[in-house]
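Please open the model in your viewer and display it as a cartoon. The stops below proceed from the whole chain to single residues.

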Amino acid sequence: MKRTTTLLLLCILFAFNGSAQQVIQRDPMISAMLAEVSPDSLRSHIDKLVSFGTRHTMSTVTDPKRGIGAARKWVLSRFNEFAKQSGGRMTATIDTWMLQPDGRRVDQPQEIGNVMATLKGTDPNDDRIFMVSGHIDSRVSNVSNRESDAPGANDDGSGTAAVIELARVMSKYSFPATIIFVAVSGEEQGLLGANHLAERAVNEKWNLEALLNNDIMGSNHSPDTRLIDNTKIRIFSEGLSGFETDKRAAGVRQYGAENDGKARTLARYVKEVGERYVDNLEVRLIYRNDRYLRGGDHTPFVNRDFAAVRITEMNENFNNQHQDLRTEKGVEYGDYAKNMDFEYLRKNTCLNLASLANLAKAPAMPQNVTLEARNLTNTTSLFWQTPKAGKVKGYYVLMRETHMPFWQKKFFTDKNGLTLPYSKDNYFFAVQAVGEEGHESLPVLPRPSMR
Ligand SMILES: [Zn+2]
């Protein structure tokens, strides 16, 4: 079937009742990458991470076999190994700096580092960056305990292993935009590595379009509710950006845009693309930035106006998380690999891969997306300009009723504008660019135009 026909079919058959009955059309290259993600490979990454005893941020950085320093060097060595198959496009480094005592979770000067692999995009005109993260550090019951074994198989060996596996598979393929794979440090000491990285992204003016942060995503059961389920994954996203919220409040109130911040828009995208590619996985969107009163490495990015979300398993097991290794009243506590479900971790890694690949192969977002608001009408006219980078086949105008959680309908056009017989009073709209092979950019919500 020709791609043009496929695209049209996709938009025609997209149901308007929220059940999203699309024709599933998968890019064979993305499917081929997904097929390479292996539960055994993920398990081997985690077994190795656990073998360092502890990966506490304040643990030894000089011992060759134990502690955070050895763990970081090992991840770097894996990235460097993968770089060999990238034709010179992947480079790896540990971005290190010194922590100074802060009177809280840092009690002595300590070297800290984020381990990063950058897969450079092939289009010199495309400066977009997509990033995926997990945190390499681990902990036990006392957050300052740097000595005891802290296997951190799931928290966050799962996210770190996913990052390593994604780098392993994706380094063999090329994308127009750049992808950064990062094992962040110091999460448990107060999001130190993520803060450093987000600050760097601002200072160096990265065109960072999305961050997928993976933290605790490889175990399928919780003892307190006795739920066992490896078919669902949660994505946490903030509705409003935490960035300059007071400045933007008037616009948000006027447009009713409290549910359409960058993170939430990204979360909807990951759900659509992830479910398109990964069988037997339902992406549950949780409409809050993180779990109740808890935090993660996406937040420093959200706070600086980047689109960033947290990906986390459906049922956290608190007997395993942040626990001293022990048995009490017949219950074994500790974050061991034996408590994990590697098939579930495979699917969740694939969710990341499909989203990153689809984003990095898509054109950039359409520019100057506006909604014509000068005349009072019951139709809606949208206009936009061609993206800065990438070849565009056309655009989807997305539409949903104001009370609906997901985009319900999409209209394809190869023009730079579209008028629809639906009232802007009653629906939300957004526009995404569509590449020649059908990959979609992130959607852009329109600004009103009074011209
Ligand atoms: Zn964690």
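Begin by selecting Lys329, which counts as exposed at 87% relative accessibility; here exposed means over 50% relative accessible area, buried under 20%, and partly exposed in between, with a 1.4 Å probe and protein chains only. The model is a predicted one, in which local features need pLDDT of at least 70 and side-chain atom pairs count only at pLDDT 80 or more, while totals for chains, interfaces and linings use all residues. Residues are numbered from 1 along each chain as its sequence is written, and side-chain values use heavy atoms, with hydrogens and water left out.

Lys329 lies in the loop between strand 11 (326-328) and strand 12 (331-333). Helices (H or I, at least four residues) and strands (E, at least two) are DSSP runs, numbered from the N terminus. Most residues other than glycine have a negative phi, and most peptide bonds are trans.

Next, select Lys205, in the loop between helix 6 (192-203) and strand 5 (207-214). Lys205 is not a glycine, yet its phi is positive, at about 55 degrees. Its relative accessibility of 73% places Lys205 in the exposed class.

Then move to the pair Asp155 and Asp156. Which form does the peptide bond from Asp155 to Asp156 take, cis or trans? The bond is cis, with omega near 0 degrees. Asp156 belongs to the loop between strand 3 (128-135) and helix 5 (157-170).

Zoom out to the chain as a whole. The chain contains 10 helices and 19 strands, and its C-alpha trace spans about 70 × 45 × 45 Å along the principal axes. With 451 residues, a compact globule would have a radius of gyration near 22 Å, and the 22 Å of the chain agrees with this; the radius is taken over C-alpha atoms, and the globule rule is 2.2 Å times the number of residues to the power 0.38. Of the 451 residues, 58% are buried. Contact means heavy atoms within 4.5 Å; among contacts between residues at least 6 apart in sequence, 75% join residues at least 24 apart.

Now colour residues 114-318, which the UniProt annotation "domain: Peptidase M28" (unreviewed entry) covers. UniProt positions are given in the numbering used here, feature names are shortened, and annotations may be inferred rather than shown by experiment. This span is 28% helix and 24% strand, and its end C-alpha atoms lie 26 Å apart.

Select Thr93 in strand 1 (residues 90-99). Thr93 is partly exposed, with a relative accessible area of 41%. Beyond its neighbours within four places in sequence, Thr93 is in contact with Leu76, Asn114, Val115 and Met116. For a distance across the model, draw a line from Thr93 to Ala257: they are 164 residues apart in sequence and 40 Å apart in space, C-alpha to C-alpha.

Finish at Arg284, in strand 9 (residues 282-286). A relative accessible area of 33% makes Arg284 partly exposed. Which residues is Arg284 in contact with, leaving aside its neighbours within four places in sequence? They are Lys232, Ile233, Arg234, Ile235 and Met314. From Arg284 to Thr377, the separation is 93 residues in sequence and 36 Å in space, C-alpha to C-alpha.
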